[in-house]
Amino acid sequence: MSLSEKAQRYAQLLAIGTFVTMAGCQVKPLYSEGPQGKPAKALASIEISDADDRVEQEVRNALVFLTSGGAGEPAHPEYRMALNATSEVMGVLYDQESDTAGAGRVVVRADYNLTRADNGETVRSGNRSAVALVDFPEQEFAKVRATRDAENRAAKELAEIIRADIAAALGR
């Protein structure tokens with residue numbers, strides 16, 4: 001067998017090996033086994049504690065939607081989540097002459113504890129935060145509305161972060 005025949009034979013074996021290896025590969029969602037898979041069912045069976053204020057209610061509503069796929073809270077939950085969210089507005093660009101902030105950021109933080117409903121065992125607990133940037137206009141009502149919109153954006157982002165965190169814990 002000549003050198004070029006050996007090289008050609010080696011290339012063929014390499015190609016066959018590559019195709020055999022790739023035949024075992026699959027592409028599927030990271031935390032889901034389809035709409036009715038185990039992690040999706042576990043996420044849909046989470047009851048979330050009642051909210052104390054508007055921002056916490058925004059985080060809670062987004063979490064309920066994300067975990068249930070829009071179906072709402074379960075009648076017989078397997079898990080319970082204690083959620084406590086807070087919001088803080090901070091000025092970033094401060095104008096010393098007019099003593100006002102021109103832009104800022106809204107930070108929404110949440111502490112959560114996911115437990116099993118039957119025995120109270122903690123499945124996952126943690127604290128996460130999300131930031132939304134905001135411009136402060138001159139008009140007071142516009143400033144209040146801009147702050148509220150930033151709180152809503154940060155609350156939705158925070159809910160997505162928490163959902164990913166608990167999906168990873170329930171997928172194990």
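**Close-up views of a predicted model**

**View 1. D165 is a buried residue.** In this predicted model, D165 has a relative accessible area of 11%. That value is under 20%, the cut-off for burial, so D165 counts as buried. The residue lies in helix α4. Beyond its neighbours within four places in sequence, D165 is in contact with Y112, R124 and R128.

**View 2. The largest nonpolar core has 32 residues.** Six of its members touch the most other members: I46, V59, L63, M81, L83 and I162. Three helices, α2 (38–44), α3 (54–68) and α4 (140–170), each supply at least two residues of this core. So do the strands β1 (46–48), β2 (79–95), β3 (100–116) and β4 (122–135). Helix α4 gives the largest share, ten residues.

**View 3. M81 and its contacts.** M81 is one of the core residues that touch the most other members. Neighbours within four places in sequence are set aside here.

View 4. Helix α3 has 15 residues. From first C-alpha to last it reaches 21 Å, close to the 21 Å expected at 1.5 Å a residue. Its buried residues are V55, E56, V59, R60, A62, L63, V64, T67 and S68. Among them, V59 and L63 also belong to the core members that touch the most others. G69 follows the helix. The phi of G69 is positive, near 70 degrees.

How values were computed. Residues numbered from 1 in each chain as written. Predicted model: local features only at pLDDT ≥ 70, side-chain atom pairs only at ≥ 80, totals over all residues. Heavy atoms only, no water. Core = buried A, V, L, I, M, F, W, Y, C linked by side-chain atoms within 4.5 Å. Buried < 20%, exposed > 50% of the residue type's maximum accessible area, 1.4 Å probe, protein only. Helix = DSSP H or I, 4+ residues; strand = E, 2+ residues; numbered from the N terminus. Contact = heavy atoms within 4.5 Å. Expected span 1.5 Å × (residues − 1).
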